[in-house]
Amino acid sequence: MENAFIILFGFTMLYIAATSRLAAHINVLVLQGILLFLICFLDMNEFSILNFLFIAFETLLIKSIIIPRFLGGLIKRTKEYRDTEANIHHFYSLFISTVILFGGFLISNLNMPAMKLINPLYFGVSIAVIIISLFFITIKHKVISNVIDFITMENGIFLLSLSVAKEMPMIVNLGVLLDLFIAVFILGLLVKHINTKFDDLEIAHLSDLRDCEYVD
């Protein structure tokens, strides 16, 4: 069951590649948060109330509720419902993402001495998710899309930490959570100011903000 959730987590990236609707991307973030909670819960060797509460707080509350609601509010305020101006057509984006994910599955099946120290499926899928997220960030122009892709990359890093940081997962995940908080809310402020000064939320406008007067 745990492996099925990991595989489903990887396939959520293909759905992001196949659709331009930002609301659908946010729904994927909700699903990823739930899947990460289930994966963490099933992966717990010894049940601990502290670890359980921390995992539930990080995955269900932060990743599945607070951040998606925050981004949903940004979409409503900016009225940016789709990202149709990527450098690569959705079909080719989906194809490239599928190849990367398939490569992740191949990595998980490699019989290497180093792979005995980690869970191969965790490692392969998480690396694929990180690479796909970076790929999305480079081809998309909307700031909100980049924020969503950054969060999926952080989710991939979270999954990667489960495979390589068994001895201190709480410390690693706390660092990931802190980075996520800082990035999302700072980028949220950027979205607010871009929307105030410009008609759209193109990444290119970030370089023009320094020449604009501050608007409270």
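The dialogue below goes through these features in turn.

Me: What kind of model is this, and how are residues numbered?
Reply: This is a predicted model, with residues numbered from 1 along each chain as its sequence is written. Local features need pLDDT of at least 70, side-chain atom pairs count only at pLDDT 80 or more, totals for chains, interfaces and linings use all residues, and side-chain values use heavy atoms, with hydrogens and water left out.

Me: How is a pair of aromatic rings described?
Reply: By the distance of the centres and the angle of the planes. Rings of Phe, Tyr and Trp (its six-membered ring) pair if their centres lie within 6.5 Å; planes under 30 degrees apart are stacked, over 60 edge-to-face, the rest tilted. That rule gives four aromatic pairs here. One of them joins Phe-11 and Phe-105: the centres are 6.1 Å apart and the planes at 50°, so the pair is tilted.

Me: Which parts does the pair of Phe-11 and Phe-105 tie together?
Reply: Phe-11 lies in helix H1 (residues 2–18) and Phe-105 in helix H4 (residues 90–108), so the pair links parts 94 residues apart in sequence. Helices (H or I, at least four residues) and strands (E, at least two) are DSSP runs, numbered from the N terminus.

Me: What is the geometry of the pair Phe-135 and Phe-136?
Reply: This pair is tilted, with 5.9 Å centre to centre and 45° between the planes. Phe-135 and Phe-136 are both buried. Lys-140 lies over the face of Phe-136, 4.6 Å from the ring centre. The rule for such a charge: NZ of Lys or CZ of Arg within 6 Å of the ring centre and within 35 degrees of the ring normal.

Me: Where is Ser-64, and what does Ser-64 contact?
Reply: Ser-64 is in helix H3. Ser-64 is buried, at 8% relative accessible area. Contact means heavy atoms within 4.5 Å. Beyond neighbours within four places in sequence, Ser-64 touches Val-30, Gly-33, Ile-34 and Thr-59.

Me: Where should coordinates not be read in detail?
Reply: Where pLDDT is low. pLDDT is the predictor's confidence in each residue, from 0 to 100. The chain averages 77. Among its elements, H1 has the highest mean (93) and helix H7 (residues 169–197) the lowest (58). Over residues 211–216 pLDDT stays under 50.

Definitions and conventions
Buried < 20%, exposed > 50% of the residue type's maximum accessible area, 1.4 Å probe, protein only.
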